[in-house]
Structure formats: C-alpha cells, structure tokens
Amino acid sequence: MKKTLSLILCVLLLASLGSAALAEEAPITFPYTGEEVVFSGFAYDGLDQNPEQPGMQAWQEHIGNMRVEYEFIAYTDYLEKAKILLATGDIPDVLPINKVMDVVSQYGSSGILLDFNEYLDYMPNLKAYLETYPNMDYVCDAEGHRYAIMGVQPLDKSGESWFANWDVLRAAGIEEAPETMDELLEAMRAVKAYDPTIIPFQSYWNIDYTMGWMARASLGQDYHEGSLVYYDTETGEYQFAYRGESAEARREIVELMRTLYAEGLINSEIATMSFEQELATLASGKWAFTALYRNTPEMEAFKVEPGESLPFDIQPMLPPKAADGNRYMNIAYQHDGLPDWGIVCSADTEHPELLAAYMDQVVSPFGRDNFNYGVEGVTFDYVDGLPVAREGVDTTGYTKTQYEVWMVGMGMPVETDSGYILGDQAMHMNVDAFVSGEQQAIFTPVFTTFSADAAAEKSSLENDLTTYIKENEAAFIYGQRDIAEWDAFLEELESIADIDALLELYNEADTIVRNPERVFVVE
C-alpha cells in the first residue's frame, strides 16, 4: 500500500512539474530552436511552395525549427479526398478546408479536431485579435470550442470581378460594355452569331459559380445564393429558399441558365470541366465575358509575371445592373466576416501546443505582411507602423508564398496593389464603385451558430435536400427535365426531408444580426 501511495504521489509530482515547465515555456518564442518538428499536411496544389523563394526563406527563418510537410493533389481530387479524411477521422496535423464552418459544425463533436481555445496561452496574436475582431469568436461552436483557424480581414473587398475580352467583342461589332442583363444577353448572342466556336461566357468553378453571377446580375439581392434557407431581415426569421417568392426567383435563374445552355452562351461542358480545363479555355482567349477572382487571368490562366501584359485586350468591367437598377457584387472578404476557407488541425497531433503556436504565427502580423508585402527592407518598409510597398521592386517570389496564410485569408491592413495590371484595375474599379454607391455589396446579414447535436441534425437534413436539388436543377438546365415540372419539383422537396424541422433548428439557434456598414477604405 505504501509503495502504491508513493508511486501515485510521484506521478502527481511529475505531472505537476511537467505542467509548471510547460507553463514557463508558454508562449513559445520564435524562431523556434528546439528539436525539429514536422507537421503533416494535406491540401490542393494551388500555390508554388518552392522553399528557395525569398518569401518562403524569410518565413522559415522567422519560424525556426518547425515546418509543415504537405501532400498536394489537384483541386477537384482534393475536395473529395478531404471529405473522406474527415468522415473517417483520419486527418493530418494540418488540413486547409473550404466551407470550414460546416466542417466545424459537423465534426467538432467527433473529437478529431484540435480545440485551439485549450492552447490560447500559446497564441498571443490570436488573443490580441479577439479584442479587436469579435467576429473571430463566431467560429466557436455553442459550447465555446474553437476548432478552426480563420484570418483577419481589416477591410471589405470583393476579391472578384467581371472581365470582358474586347478583341472578341469588337470583332463581333460590340463597342460598349453591357449595362443590363438584357444587354449582356444581346452581346453574348451577337458573339455567338459572329463565331459559334467562341464561348460568350466562360465559367470559373463550374455551374454553381456561374449561376451565382447571373443571379446577382439579374435578380440582385432577391436570389439567396447557395442557401437552402435564408434570413429574412423583415421578419427576423429564417425561411426556406424553395418556398414562396424565393422559389420563384430560383426558377427564374434556372430558366435563365437553361436558356444560356440551350443557346450555347455558356460552355457546353460546364458541368464536367475540371478547373484546369476552365483555366486553359480562359488562356485560349476564345470567350467574351467571364467573372472570377481578380488576379486569376494573370496568375492562374495566362501565368504572366506582375506588370506583364496579356496577349488579348481583356479589361475589368462592372457587373450588369439587376432588375432594380443596382449593380451587385459579392463581398468575398469581410472585415467582420466568417471564413469560407480555414484550417482545421488534428486533435491527435503529437505536439498540440507547438502546432497551436505555429498557427498563431500564421495569423500574426508577420505572417500577414510576409504574405502580402514580402520582406521588410527589400520589398516594403514600415511607415508609421504600417507596411508600405517599395515602388518599382519586383516582388516575384517574395509575396503570396506561404500556404497556410493564403488558406486562412490574412488580409492587408491597407489596400496595396499586387503588381498585376488587370487585378489592380479591377480592385480599384470595385472599391470606387462601392464607395460611390454605384455598386452594392452582397453579404450574409447574420451569423448563426449551432450546438453539436443541432449541427449534426441540420447537416443530415441539408445533405439530403442539397443532393436532390443539385441533381434536379441540373436536369432542368440541361433540358433533361421540363421546366413545366418546377412546381412538382418543389412538392418533391417537401417529401425529401422535414423542412419545418430544419427551419426550427435555424430559428432556435444563436443568431447575431450584423451591422450593415462596410469598410472599403482606411480612413
């Protein structure tokens, strides 16, 4: 008995000493000088990760003896494989993921995700942000667990833009950018009549993304993009998007997409093209209009260096005016937003405190400035505490190099040109249009968080509905189902899942109504 008690006391003492030693180490300082720690990661191959790049070298010098070793695969394959990893619980230490809030809701209670709130003592940058950006707590679940890392975005910006290929448009006899959806359709038909091999509107990220652009350009705010349910600001309650007036708006967009598809105004392979095929089509120049991320034409499609011109006369344009006379642009980056992309980490990681400290550096001011501005004293300088890019300096290999910073979307503290001609023109055009009121911002008006049980039930109901909706809307668009059957389709949805139960989950959840004021420029 004495031996047993002695052993227990010894274990408790060691545990106490270990905890004290751990507390003394927190926060972990950088560059980290301990024994090398290599975290496993899985992601898609969307950013050059050459360790010889000066931006990457500066990052590694700052971090020290710690790094993430990734397995990279193609984007579409990654999306499917990531779902499998989450479903099986066999995730790597670091997993960048889209729709990260859904992932947190669905898998947070499973025990596979690291709760960063347990390691806040190792995350001084995150703790500081929480005082300035209360929206960062919205990523936490109803029980207060923080299962994802999101970036800080000081400003609102679209990040996206419409583009017109004027070589094609002028050849088809078009001299002015379309101002309305009717004018856009007229221009696309003129292009198709001029040369049937040209795609009047080239997609980016397939049919859903194209449908969203067309919806905003025709219906504006009346189309609740990508949502099964939407928050009705007039009633203060959630509604099902396939009931009432909203269902009619959905039908309008499906009919519009059906027309575009039938007339060959969008790519005939829009449903099956890979992202790489879409980029190749964009690079061919055989299109008239597109809408995508502002640097995509230069960085991803044509792969030119900053400041280098494209082989075609491609210019940014404002979106066509919707039925109410306003132009609408989605706000991809919001000063008070929640992430689409974020990073989750494995609860089974061997060094959770070190991984938390590493992710804290990802969202640190150094991580932000290293990604957006490059290396201090080489590509930028601090002026009155803010980074200012040096003029005329080639930033190739210095900026946009660190993968995790990219995945969490750490925004610039001030708007700074990227060096890409079209991308910068699009950014300034959209900011000016937002500030002047010529263009209206579209963003989700509320944040809603669910308990673990409610999130699981919500996901189950939504998955059944989403699968059926996507299959049938595609059938309507491709002419495989008669649009006259739309009302029958709506009735079918009511039998797929308990929609009233889904609405009850939303309306009983913790909902925070957002301030509609946007921040487009630094005052």
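Predicted model: local features only at pLDDT ≥ 70, side-chain atom pairs only at ≥ 80, totals over all residues.
Local features are taken at pLDDT of at least 70 and side-chain atom pairs at pLDDT 80 or more, whereas totals for chains, interfaces and linings use all residues. Residues are numbered from 1 along each chain as its sequence is written, and side-chain values use heavy atoms, with hydrogens and water left out.

View A. Phe434 lies in helix H15, residues 421-436, where helices are DSSP runs (H or I) of at least four residues and strands are runs (E) of at least two, both numbered from the N terminus. With a relative accessibility of 7%, Phe434 is buried; buried means under 20% relative accessible area, exposed over 50%, and partly exposed in between, for a 1.4 Å probe and protein chains only. Leaving aside residues up to four places away in sequence, Phe434 is in contact with Ser158, Met329, Ile331, Gln439, Gln440, Ala441 and Phe520, contact being heavy atoms within 4.5 Å. Ser158, in the loop between helix H5 (124-132) and strand E4 (160-165), is buried at 5% relative accessibility. The C-alpha atoms of Phe434 and Val519 are 9.8 Å apart, although 85 residues separate them along the chain.

**View B. The salt bridge between Asp424 and Arg294.** The side chains of Asp424 and Arg294 form a salt bridge at 3.7 Å, N to O, a salt bridge being a side-chain nitrogen of Lys or Arg within 4 Å of a carboxyl oxygen of Asp or Glu. Because Asp424 belongs to helix H15 and Arg294 to the loop between strand E8 (287-293) and helix H11 (296-301), the pair ties together parts 130 residues apart in sequence. Both Asp424 and Arg294 are buried.

**View C. Further salt bridges.** Arg146 and Asp137 are joined by a salt bridge at 2.5 Å, N to O; Arg146 is buried, with a relative accessible area of 3%, and Asp137 is partly exposed at 36%. In the salt bridge of Asp121 with Lys127, the closest N and O atoms are 3.7 Å apart, with Asp121 exposed at 53% relative accessibility and Lys127 partly exposed at 38%. A network of salt bridges links Asp156, Asp336, Arg514 and Arg518.

**View D. Residue Glu508 in helix H18.** Glu508 is found in helix H18, which spans residues 499-508. The residue Glu508 is exposed, its relative accessible area being 60%.
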